[in-house]
Amino acid sequence: MSRVKMPEVNAGSMADIAFLLLIFFLVTTVIETDAGMNRLLPSKETSPPVKQNDRNVLPILIDKNGQLFVDDDVVELKTLRTLVIAFLDNGGAAKGSEGYCGYCRGERSSFSSDNPDKAVITLKNDRETKYEHYIAVQNELVGAYNDLRNRESRLLYGESYIQMEGEYDNPKTLAKRKTELKARIKKIREMFPLKLIEETN
């Protein structure tokens, strides 16, 4: 009795189909990128000493247990932004002097910063400080600057600083509008320049 021959499957085109499917998935797959802050952890080398009056420097320290010190006082993270805004917006220089800040709305204390341009924040953290504590403090510091920049931007231009940055980064924004936004963003940054010095113990 003769054996019945089974028809052979032509597998030649299967490789082509698999290759096409592979290309399809590579082209259509969206690779998600991690979102976060564009920050580098401070190096072991300490920054050069800041030549400033003590009142123009706000020292912040995060210890290895995540405890936060501002000017040697223990503070809660939730109060940090308010303290930083009060420091930056103080405007302690005397009226009529060279460093007087006309747009500052702080207490104008002679024991705090003269103006935002002279105000410097020093952030020190222990080598054993947890990364989440470091990032939480960074968020509050950047948030304080953004709050002040948004305030002045709304007063001058009727729109927030964050909105202007977002519109400027949008590739669909027209070139003429981008030029206008660039000048406005620059002016706001000059009013509240971010001066942050980081060190590690």
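F192 is buried, having a relative accessible area of 1%, where buried means under 20% relative accessible area, exposed over 50% and partly exposed in between (1.4 Å probe, protein chains only). The model is predicted: local features need pLDDT of at least 70, side-chain atom pairs count only at pLDDT 80 or more, and totals for chains, interfaces and linings use all residues. Residues are numbered from 1 along each chain as its sequence is written, and side-chain values use heavy atoms, with hydrogens and water left out.

F192 forms an aromatic pair with Y103 that is edge-to-face, at 5.6 Å centre to centre and 75° between the planes. Rings of Phe, Tyr and Trp (its six-membered ring) pair if their centres lie within 6.5 Å; planes under 30 degrees apart count as stacked, over 60 as edge-to-face and the rest as tilted. Y103 lies in the loop between α2 and β4 and F192 in the loop between α5 and β5, so the pair ties together parts that are 89 residues apart in sequence. Y103 is partly exposed, with a relative accessible area of 27%. A search of the whole structure finds 3 aromatic pairs. Elsewhere, the charged end of K178 sits over the ring of Y168, 5.3 Å from its centre; this requires NZ of Lys or CZ of Arg within 6 Å of the ring centre and within 35 degrees of the ring normal.

The helices and strands named here are DSSP runs numbered from the N terminus (helices are H or I, at least four residues; strands are E, at least two). An open sheet is formed by 5 strands in the order β3-β2-β1-β4-β5, with mixed pairing; two strands pair if DSSP finds at least two bridges between them. β3 (73-75) and β5 (196-200) stand at the edges with a single partner strand each, so one side of each is left without a neighbour in the sheet.

Strand β1 (residues 57-62) pairs with β2 (residues 68-70) in the antiparallel sense over 3 bridges, and L61 stands opposite F69 in β2. The hairpin of β1 and β2 has 5 residues between the strands, and there G66 takes a positive phi near 85°. With β4, β1 pairs in the parallel sense over 6 bridges; the bridge partner of V57 in β4 is V120.

Helix α2 (residues 77-88) lies across β1, β2, β3 and β4 (120-125), running at about 165° to β1. Helix α3 (residues 131-157) packs on the sheet, touching β1, β2, β4 and β5, and its direction makes about 170° with that of β4. Contact means heavy atoms within 4.5 Å, while axes are lines fitted to C-alpha atoms, for helices over the stretch in contact, and angles run from 0 to 180 degrees between N-to-C directions.

The largest nonpolar core has 27 residues, of which I60, L80, V84, L88, I121 and L141 touch the most other members. Such a core is a set of buried Ala, Val, Leu, Ile, Met, Phe, Trp, Tyr and Cys residues joined through side-chain atoms within 4.5 Å. Its largest share, 7 residues, comes from α3. Not counting residues up to four places away in sequence, L141 touches I60, L80, V84, I121, L123 and L196.
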